[in-house]
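Me: Got a model open here and want to talk through its pockets and domains. Can you take me through it?

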Amino acid sequence: MLAAFISRVLRRVAQKSARRVLVASRNSSNDATFEIEKCDLYLLEEGPPVTTVLTRAEGLKYYRMMLTVRRMELKADQLYKQKFIRGFCHLCDGQEACCVGLEAGINASDHVITSYRAHGMCYTRGLSVRSILTELTGRRGGCAKGKGGSMHMYTKNFYGGNGIVGAQGPLGAGIALACKYNGNGEICLTLYGDGAANQGQIAEAFNMAALWKLPCVFICENNLYAMGTSTERAAASTDYYKRGNFIPGLKVDGMDVLCVREATKFAADYCRSGKGPILMELQTYRYHGHSMSDPGVSYRTREEIQEVRSKRDPIMILQDRMVNSKLATVGELKEIGTEVKKEIDDAAQFATSDPEPRLEELGHHVYSSDSSFEVRGANPWIKFKSVS
C-alpha cells in the first residue's frame, strides 16, 4: 500500500510539473513590441520609428553576439596582461550594442570599414572568436595569418581595422563610390570615433560623398573621451550628427541594440534610395581605457564607469527586456552564458598554442591575385617570395 501511495503522489507531482511547463510555454512569447528612444534629427523631416518588434530568435541571437563580444574583449585583456598579445590593443567592451545593432540593420553583402577599435565589428561581420584571438596573439591561424594584429583584421566585405586616426573616412567613401559605380544597391558603413571626427580628412570625405551622392553611412561612435580628453574639451561642437553640415544626420542611443538597429535600417534605406550619404552619431561608452596602456581612470572616475555599468549596460538592457516580456527565461540566458564562456576559453587555448607564421611567409599576400614575385627584406640580400 505504501508503494501504491508513493506512486500516486509521484504521478500527481509529474502531472503538476507538466501543467507548469505547459503554462510556462503558453506564457512565453514569440515576439514583443518595445518603445525605443527617439533619435534627434538634422536636415530630416522624419526619422526611424519609436517602436520596434523583437522576435525571440532575434533577441537570443543579439544577446549571444553581445555577450560573446564582451567576453572576448575581457579575454583579450587577460591575454594582453599575460604578454600573449603585444603592441597596441583597443577594446570595445561597453559598445557591444553598436556593432551588433549595425550588423542587424544591413545586408551581409553590404560593406563596413572602421577604426582600430575593431574586434566587435570583426565578429559581427562573420569572423570567428578563434580567428580573432589568434590574430591578436600573432599566430598562423589568425584571420590575417598572424601578420595584422589587433588593428588590421579583414574578412569578406570588411576592410579593417585601420591604425591611422580617421584614415578610414576617405577609404569608406571610396568603397561607397565602387558600390555606386557597380550599381549593385550595396552601401558602405564608415565608422570613426569622436576624436577622429575632428580630422580634416573626415570633412573631405563628407564633401566628396555629398557631391557624388555616394551610398555611404558615416557613423561616429561617440564614447565621450576620444583618447583621454572629454568631448567638451576637444570639440567646439559636440553635435557630431550635425558635423556633415550639408549631410542629414541622426543622434542615436548607442547603448540600445534595438535603437541602433532601427536607425541603421533607416540610414541604409536612405542611402539605397539614391539620396546620397547620411551621418549617424552613436552615443556609447567604453569600459576600458583608450588602449591597454591607458588605465582609463585618470580623466574619469571609477564611479562614473560603475554608474554606466549599472544603469545603461547594453547587455543588461536587452536581458531585462527579454525576461520581462517573456521572450526568454533567466535560465536560458545563463545557459547561453555558459556556452559562450566555453567558446571563448577554447579559442584562447588555441590562440596561445598555435605556431607563429614562418619568416618566409612575411612577403605573402601583398596582392589578392597576382603571379608570385620577390619582395626585398630589410637589406638587398634578404628576399622573400610573395604568394597571393
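Reply: Start with the largest pocket: its lining draws at least three residues from each of domain 1 (31–357) and domain 2 (359–387). Those bounds come from an automatic or database domain assignment. This is a predicted model, where local features need pLDDT of at least 70, side-chain atom pairs count only at pLDDT 80 or more, and totals for chains, interfaces and linings use all residues. Residues are numbered from 1 along each chain as its sequence is written, and side-chain values use heavy atoms, with hydrogens and water left out.

Me: Which residues line the largest pocket?

Reply: Cys143, Ala144, Lys145, Lys147, Gly148, His152, Tyr154, Leu362, Gly363, His364, His365 and Val366. A pocket here is an open set of points on a 1 Å grid over the protein atoms alone, with protein on both sides within 12 Å along at least five of seven lines; lining residues have an atom within 4 Å of a point.

Me: How much space lies in it, and what classes line it?

Reply: About 280 Å³. Volume is the space filled by probe spheres set on the points, which are joined across faces, edges and corners. The lining has five nonpolar, five polar and two charged residues. Ala, Val, Leu, Ile, Met, Phe, Trp, Tyr, Cys and Pro count as nonpolar, Asp, Glu, Lys and Arg as charged, and the others, Gly among them, as polar.

Me: And the second largest pocket, what is closest to its centre?

Reply: That pocket holds about 240 Å³. Of its 17 lining residues, Tyr116, Gly193, Asp194, Gly195 and His290 are the closest to the centre. The lining divides into six nonpolar, eight polar and three charged.

Me: Switching to cavities. How many of 30 Å³ or more?

Reply: One. A cavity is a set of grid points where a 1.4 Å probe fits but cannot get out.

Me: Which residue forms a salt bridge with Arg140?

Reply: Glu361, with the closest N and O atoms 3.5 Å apart. The rule is a side-chain nitrogen of Lys or Arg within 4 Å of a carboxyl oxygen of Asp or Glu. The count between the two domains is one salt bridge.
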